[in-house]
Amino acid sequence: MKKLLFAGLLLLGFSSALAQATITFWVRDSDQGFVEPLVKAYNAKGGTQVKLTVIPAGQFVTKFATAVAGGSAPDVVAIDLIYVPSFAAADQMTDLTDLAKALPYAKTLSPSHVRLAIYEGKQYAVPFSAEGSVLIYNKDLFKKAGLDPNKPPKNFAELEDYAKKITALGGDIKGYYFSGACAGCNAFTFLPLIWASGGDVLSADGKSATVNTPAVKDALALYRRMWQAGLIPAGAKADTGTNFLTAFTTGRIGMAGSGAFSIGTLKRDYPKVDFGIAPLPGKNGGSSSFAGGDSIGIPKGSKNVQAAWEFIKWCLEEDVQVQQFAKNGSIPVRSDLAENEYSKLDPRFVVPAKAMATGKTPYSVKYNELFNDANGPWLAMIQEAVFGRGVDEAVAKAQESFTKILNSK
């Protein structure tokens, strides 16, 4: 009897210890605003606790790789979805294939997140947060320029024409804005113009460059024409991303590529700016969006895989997606929750949410070298094509540089 009692106490103690386990969770500082209340809500449930560590975005990749190599990886990590292929290829993530497929809502998860989470047939992460690129436009300037504020441009010709009419208002008002010296910004807002026109800069498997194509040239030519016609502020050329959204908040920019995050920011901090949200158009119509955001997974070496997966599943539950994400202006990563009680309060949130279902993200283990590097071929191409010697020369050089990087070991 005493042995049975002792065994029961041991089991009770083990269960209690498991319930009070602590798992470690690393995120970038850019996610801090919505992750801190998320973790607070999870910890308030009792049971397993989550210890959050916020790391500067610029240091995240290096710190994570070092931690995994040194056997001190966190139990859960939220990473920019573009880096998942690289981490998976480096054997730094736990295979979640069976767990992910077993989720009852698996087919509703953001397809671009899922695509980038798969490496050599295995899935290493699931969607965590979503961000989609969109066109934001100033409705007041549309009205003053004689444009219908409820009819944003649906192709390149309209976008260029609208930019001309808005710029014609005079003063320092300009029709369009983009951060001309920001590599990542232009991956986010310029690539969709190419995709919507039926083109791409990489093959489907991410191993070959497809830069030297008509769709890429057409999109670059659009920007070059607008720049040369004075439809874009002079300061755009040197903007490294500092004014990515700020320029639009002045009320003197007609249109700009941006992200879903801008909806909440503009509503909260710039209530006097009457703005609309629209998909980024293609040359002859259609639309596309850069499906950005974070994926969440379990690093290799985690000592609490089961508890880590329970936390990840909780983040994807309907109530959490709606009350923790949508309520605070974020896009749910489940398409079945794109339209919810909060998006219905402002239909502008529905545009990027729906775009996530058809949005794209470049798949490449060389993404950082190609698209994010300030000295890389992507930004060099845009600057040469728009501000420099022209489109054809810029595209030819970019094709060569992309190919060299993709073929490097």
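This report looks at charged side chains in a predicted model, from salt bridges to a surface patch.

## Salt bridges overall

Side chains of opposite charge can pair when their charged atoms come close. Searching the whole structure turns up 17 salt bridges. Let's walk through a few of them.

## A buried pair

Start with Arg28 and Asp80, which form a salt bridge whose closest N and O atoms are 3.6 Å apart. Arg28 sits in strand E1 (residues 22-28) and Asp80 in strand E3 (residues 76-80), so this pair ties together parts that are 52 residues apart in sequence.

Are these two buried or exposed? Arg28 has a relative accessible area of 15%, so it counts as buried. Asp80 comes in at 17%, and that makes it buried too, because the cut-off for buried is under 20%.

## Pairs with more open partners

Next up is Arg268, whose side chain meets that of Asp269 in a salt bridge at 3.2 Å, N to O. Arg268 is exposed, at 58% relative accessible area, while Asp269 is partly exposed at 41%.

Arg389 and Glu384 make another salt bridge, at 3.3 Å from N to O. Here Arg389 is exposed with 61% relative accessible area, and Glu384 is partly exposed with 22%. Back at Arg28, salt bridges with shared partners join Arg28, Asp80 and Asp294 into one network.

## A negative patch

Which residues form the negative surface patch? They are Glu317, Glu318, Asp319 and Glu341. One of them, Glu318, belongs to helix H14, which covers residues 318-325. Glu318 is partly exposed, with 49% relative accessibility.

Technical notes:
Residues are numbered from 1 along each chain as its sequence is written. This is a predicted model: local features need pLDDT of at least 70, side-chain atom pairs count only at pLDDT 80 or more; totals for chains, interfaces and linings use all residues. Side-chain values use heavy atoms; hydrogens and water are left out. Patches are made of residues with over 30% relative accessible area and no salt bridge: like charges are joined within 9 Å, nonpolar side chains (Val, Leu, Ile, Met, Phe, Trp, Tyr) within 5 Å. Accessible areas come from the Shrake-Rupley method with a 1.4 Å probe; for residues, only the protein chains shown count as cover. A salt bridge is a side-chain nitrogen of Lys or Arg within 4 Å of a carboxyl oxygen of Asp or Glu. Lys and Arg count as positive and Asp and Glu as negative; His and the chain ends are not counted. The place of a charge is taken as NZ of Lys, CZ of Arg, CG of Asp or CD of Glu. Helices (H or I, at least four residues) and strands (E, at least two) are DSSP runs, numbered from the N terminus. Buried means under 20% relative accessible area, exposed over 50%, partly exposed in between (1.4 Å probe, protein chains only).
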